[in-house]
Amino acid sequence: MKKQCITLVAVLFGLTLFFSCNSNDDTGENLTPGDLLTTVDNAHDIYFIDSNTLYGVRDRQDTSSEGVGQMEAFLEIAIPSVAPTVSSPVVISTSASSGTEAEGYTDKKLVVVSGDGIMYCYDIPSGNLLWELNLNGQVRGTPSFRTFRDQNTLNTYLYVGTTEGIFYCIDVLNESLVWAHEHPGRGGFVSSTTDNRTGITSVGTSDGTIYTFNAEGGLLWEADNLGLLMLSKPALNMVPVNGGLGYELSSVIGSTMDGTLFSLDGATGNQIWSQNLDGSPLIAAPYLFPIIGGTLTTDSFYVNTFLGKVYNVSMQDGSILETVGLDAPISSSPSRLPGDQLRSQNDFIYASSEKTLYALDRIQGGQEVWSLPLDPPVYATPNIVPSANNGTGLRCYINTISGLYGINAVTGTIFSEYELPGFTPTQTENLNYQISPVVIYVEPDTGITEVYHPNNIL
């Protein structure tokens, strides 16, 4: 990859950040299958990372049709990184078009952060590299991002921390540093979560500290000594205020690798409650229900443990309300379609063990609605999205270590799939890290962003 120009240099904490731009195509060979991270945009173009190769595939299959269709690949980019890439791709559209098909968008960008701390911004669908940024440290947690309008200007900020202990807020569209914060402890930053409406961001560190910032980067509070190996993203419990005209942070839900789940007061960071569920690691973030019509939809949340159990936990005191045991360890988050009642066409909770994808009826106490064995093993969070072109029904996209499946989320039947080029089953014996995706949806006209399932990557 040939660098053509330097567009920005910023010096912070003694570190120099270089932005460089490049208009050349950066496609290349397939690498060994590894972490599969999936982003589905509102045109149902799907972007995922296999080790350090980024793929774009197009799914136009009708979920009601019989048989299994093949997804169409339109993009393949080799990410020049020596470390496994653990950042989910972020798709940004600044087009004025309101169409839902891919050709309706005139300006798409895709941003990904490599494992060795290089942020790349690509043009879609050409795959041309627009610019890159060196964060001067490895990235071992999933970034978060925010898309919002400021005086009719679309802004997209990406929040990411490094193992060197610096947490950045980057303006993606203007290729500039917004703010940064340094962690003086022994552990670097891991995974972050950002509320799109308020800009509040929480991020954990590997030595047991959670920082929470406001939209301008001001430190709201810092909570430390929470436990080592805090890999999962903090979950933000936002509640409506002023009759639903605004939102405030009520609490932050965090977890550690020894199985401890805790709640911190959103105003002070003081601990509200702490609960050890079953002693097994909590690797991925819990699922908190969305706010509908200015009111909370539930006073509980769901979380998976590595022991293979799905827990419904009280938001108030951390008590266990329901437990569902699955057939194998779980390394992913539970999931559900967020949004208003018109888009929530069922009340299922989706969870994937290493062997099987499940739909569980939340109203019926987690009773199994359907299950779908997946082979080879799956470690991914199910991604639930509306059907394309405002169609009826729901789609579920999920990764295995061999590729990607499109599944009817109501019936559990497979309707499309994409197999990684050159994959052979013998390669599964050499894999030693997990797969976890994030689903991101960006409205092109308003800039409204829904992050479906932010979670952590090992």
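A nonpolar core is a set of buried Ala, Val, Leu, Ile, Met, Phe, Trp, Tyr and Cys residues joined through side-chain atoms within 4.5 Å, where buried means under 20% relative accessible area with a 1.4 Å probe and protein chains only. The model is predicted, with local features needing pLDDT of at least 70, side-chain atom pairs counting only at pLDDT 80 or more, and totals for chains, interfaces and linings using all residues. Residues are numbered from 1 along each chain as its sequence is written, and side-chain values use heavy atoms, leaving out hydrogens and water.

The largest nonpolar core has 18 residues, and those with the most contacts inside it are V111, V113, M119, L135, L158 and V160. At least two of its residues come from each of β8 (90-93), β9 (108-113), β10 (118-124), β11 (129-134), β13 and β14 (166-171), strands being DSSP runs of E, at least two residues long, numbered from the N terminus. Strand β14 gives the most, with three residues. Beyond its neighbours within four places in sequence, V160 has contacts (heavy atoms within 4.5 Å) that include V113, M119, L135 and F167.

Strands β13 and β14 also belong to an open, antiparallel sheet of four strands in the order β12-β13-β14-β15, two strands being paired if DSSP finds at least two bridges between them. Because β12 (144-150) and β15 (176-182) stand at the edges with a single partner strand each, one side of each is left without a neighbour in the sheet. Seven antiparallel bridges join β12 to β13 (residues 153-161), and R149 has L154 in β13 as its bridge partner.

Key: Buried means under 20% relative accessible area, exposed over 50%, partly exposed in between (1.4 Å probe, protein chains only).
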